[in-house]
Amino acid sequence: QAKDVEAKSEAFYREQAEAADTPEVKQFFTNLANEEKEHGVILGNICDMLGRPDVWLENAEWRQMEEY
């Protein structure tokens with residue numbers, strides 16, 4: 001759901017940028033849209049990480065742990 005919200009927010013800000021009267025306002029809304037897009041990427045990465053715990057735990061960072 002969060003990824004959908006970010007995508008809808010990005011689309012809204014892009015629409016506002018297209019409708020802007022001045023370059024400053026257009027740039028403002030474009031910056032907001034770009035931030036929303038980045039949030040979507042971050043959420044996607046988090047979902048991937050949480051959805052694949054076996055791969056994540058096989059990361060080299062964890063290989064030094066002793067078995068118990």
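The exercises below work through the helices of a predicted model.

Residues are numbered from 1 along each chain as its sequence is written. In this predicted model, local features need pLDDT of at least 70, side-chain atom pairs count only at pLDDT 80 or more, and totals for chains, interfaces and linings use all residues, while side-chain values use heavy atoms, with hydrogens and water left out.

**Exercise 1. The chain**

Task: State how many helices and strands the protein chain has, and which pattern it follows.

Solution: Begin with the elements, which are DSSP runs numbered from the N terminus (helices: H or I, at least four residues; strands: E, at least two). The protein chain has three helices and zero strands. Along the sequence, the pattern reads α-α-α. Next comes burial: 12% of the 68 residues in the protein chain are buried (buried is under 20% relative accessible area, exposed over 50%, partly exposed in between, with a 1.4 Å probe and protein chains only).

**Exercise 2. The packing of α1 and α2**

Task: Describe how helix α1 and helix α2 pack.

Solution: Two packed helices are described by the angle between their axes and the distance between the axes. Helix α1 covers residues 2–19 and helix α2 residues 23–51; the angle is about 165° and the axes are 8 Å apart. Therefore α1 is roughly antiparallel to α2 (under 35 degrees is roughly parallel, over 145 roughly antiparallel, 65 to 115 roughly perpendicular, the rest oblique). The contact of α1 with α2 (contact means heavy atoms within 4.5 Å) has eight nonpolar, seven polar and eight charged residues.

**Exercise 3. Helix α2**

Task: Compare the span of α2 with the expected one, then list the buried residues of α2.

Solution: The 29 residues of α2 reach 42 Å from first C-alpha to last, close to the 42 Å expected at 1.5 Å a residue (the expected span is 1.5 Å times one less than the number of residues). The buried residues of α2 are F29, A33, E36, G40 and G44. These buried residues pack against α1.

**Exercise 4. Two residues**

Task: Is E10 buried or exposed, and which residues does E10 touch?

Solution: E10 lies in helix α1. Its relative accessibility is 18%, so E10 counts as buried. Leaving out residues up to four places away in sequence, E10 touches A33, E36 and K37.

Task: Locate I42 and give its relative accessible area.

Solution: I42 belongs to helix α2. The relative accessible area of I42 is 40%, so I42 is partly exposed. The C-alpha atoms of I42 and K3 are separated by 9.2 Å, with the two residues 39 apart along the chain.

Terms used:
Axes are lines fitted to C-alpha atoms, for helices over the stretch in contact, and angles run from 0 to 180 degrees between N-to-C directions. Ala, Val, Leu, Ile, Met, Phe, Trp, Tyr, Cys and Pro count as nonpolar, Asp, Glu, Lys and Arg as charged, and the others, Gly among them, as polar.
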